[in-house]
Amino acid sequence: MALTLYVDTARWRAHHKHVQEQFPGLVPVCKGNGYGFGHERLAEEATRLGSDVLAVGTTYEAARIKDWFGGDLLVLTPYRRGEEPVPLPDRVIRSVSSIDGVYGLVGARVVIEVMSSMKRHGIGEQDLAQLHAAIENVRLEGFAIHLPLDRTDGSDAVEEVIGWMDRLRAARLPLHTMFVSHLKADELARLQQQFPQTRFRARIGTRLWLGDHEATEYRGAVLDVTRVAKGERFGYRQQKAASDGFLVVVAGGTSHGVGLEAPKALHGVMPRAKGVARAGLATVNRNLSPFVWGGKQRWFAEPPHMQVSILFVPADAPEPKVGEELVAHLRHTTTQFDRLVDR
């Protein structure tokens, strides 16, 4: 009995091909938990796509995935002096976001990140004059710019990239390759048309692996079902049942990421109101689970356990049976499945 990730493999891979066709020179990203699929599986899929470069989050991820992917590995986290050395092959390319970082990677293959409106990390315009000397002792693979997802000020992503292309060109720096993130296909095409001598390579993770929501589905197996009467005590904290119903033990707990959720940016009045309502219910131990039964998301009977969750299903709903599976609306990047089933 398990928390299972079911994958409609043909549909999933068709989506990969569609994204690859939209973004020539695509660099797949495999970081964190492998977007819910695992590093090994995404390395296999990147190989299937014929990718020559796979982007990973950290040097530790590069060390784990190097035996699963035969092409170049681009580490997205910028190099910092004093970081723990991790033995890596020469096909690993390091990102750098400071002049000091470039000087610290003598002989290495590097991609230099420039500071975007994200303001996360990157070389600033004031640093460009110093780059000529700094890049003499590294193997420069190109520059990179990581753009924001939302542009609430109405600014244009393409214009931001063009601004940096002009600055780099004015500084007489090599512009053979520019790695970009969070651009639309038409925006990438506009850049490629304006700068035909530069190869623009889109680094894509979420859109590539998770862009077709109908291609994947999590399901948790029902392990036990116990009938309870209103007022009857149950669980670790011996709470009272609010009404007659069933306690349903389902595979999927905190070790799988169930009940653990990354905070979300809320836009608009209605999403904010719902967020406030959920927070209010949580103060009285009412938390909606990700599991669906009888067409409705069901409430946790109590906070999820390590490997299972206990749900409360009211008596007027169909009684779940042991061995049945409940669909679970889970976030791929925070979920660890027990098994993956291709179908």
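In which helix does V19 lie? V19 lies in helix α1.

**Figure 1. Overview of the predicted model.** This is a predicted model, in which local features need pLDDT of at least 70 and side-chain atom pairs count only at pLDDT 80 or more, while totals for chains, interfaces and linings use all residues. Residues are numbered from 1 along each chain as its sequence is written, and side-chain values use heavy atoms, with hydrogens and water left out. The secondary structure comes to nine helices and 18 strands; these are DSSP runs numbered from the N terminus, with helices being H or I of at least four residues and strands E of at least two. The C-alpha trace spans about 75 × 45 × 40 Å along its principal axes. Of the 343 residues in the protein, 48% are buried (under 20% relative accessible area with a 1.4 Å probe and protein chains only; exposed is over 50%, and partly exposed lies in between).

Figure 2. V19 is buried, with a relative accessible area of 1%. The C-alpha atoms of V19 and M165 are separated by 25 Å, and the two residues are 146 apart along the chain. An unreviewed UniProt entry carries the annotation "domain: Alanine racemase N-terminal" for residues 8-153; UniProt positions are given in the numbering used here, feature names are shortened, and annotations may be inferred rather than shown by experiment. Over residues 8-153 the chain is 29% helix and 20% strand, with the end C-alpha atoms 39 Å apart.

Figure 3. Three aromatic pairs are found in the whole structure. Rings of Phe, Tyr and Trp (its six-membered ring) pair if their centres lie within 6.5 Å, and planes under 30 degrees apart count as stacked, over 60 as edge-to-face and the rest as tilted. W12 and W209 form a tilted pair, 6.2 Å centre to centre with 45° between the planes. W12 lies in helix α1 (residues 9-22) and W209 in helix α8, so this pair ties together parts that are 197 residues apart in sequence. W12 counts as buried at 1% relative accessibility, and W209 counts as buried at 1%. F195 and F200 form a tilted pair at 6.3 Å centre to centre, with 55° between the planes. F195 is buried at 7% relative accessibility and F200 at 2%. One aromatic cluster is formed by W12, F37 and W209. R167 lies over the face of W164, at 4.9 Å from the ring centre; a charge sits over a ring if NZ of Lys or CZ of Arg is within 6 Å of the ring centre and within 35 degrees of the ring normal.

**Figure 4. The second largest pocket.** A pocket is an open set of points on a 1 Å grid over the protein atoms alone, with protein on both sides within 12 Å along at least five of seven lines, whereas a cavity is a set where a 1.4 Å probe fits but cannot get out; lining residues have an atom within 4 Å of a point. Grid points are joined across faces, edges and corners, and a volume is the space filled by probe spheres set on the points. About 840 Å³ of space lies in the second largest pocket. Its lining has 30 residues, of which H146, L149, S181, H182 and T206 lie nearest the centre. The elements giving two or more residues to this lining are β9 (199-204) and α8 (206-210).

**Figure 5. The largest cavity.** The structure holds one cavity of 30 Å³ or more. The largest cavity has a volume of about 40 Å³ and is lined by E113, V114, S116, M118, R120, H121 and H146.
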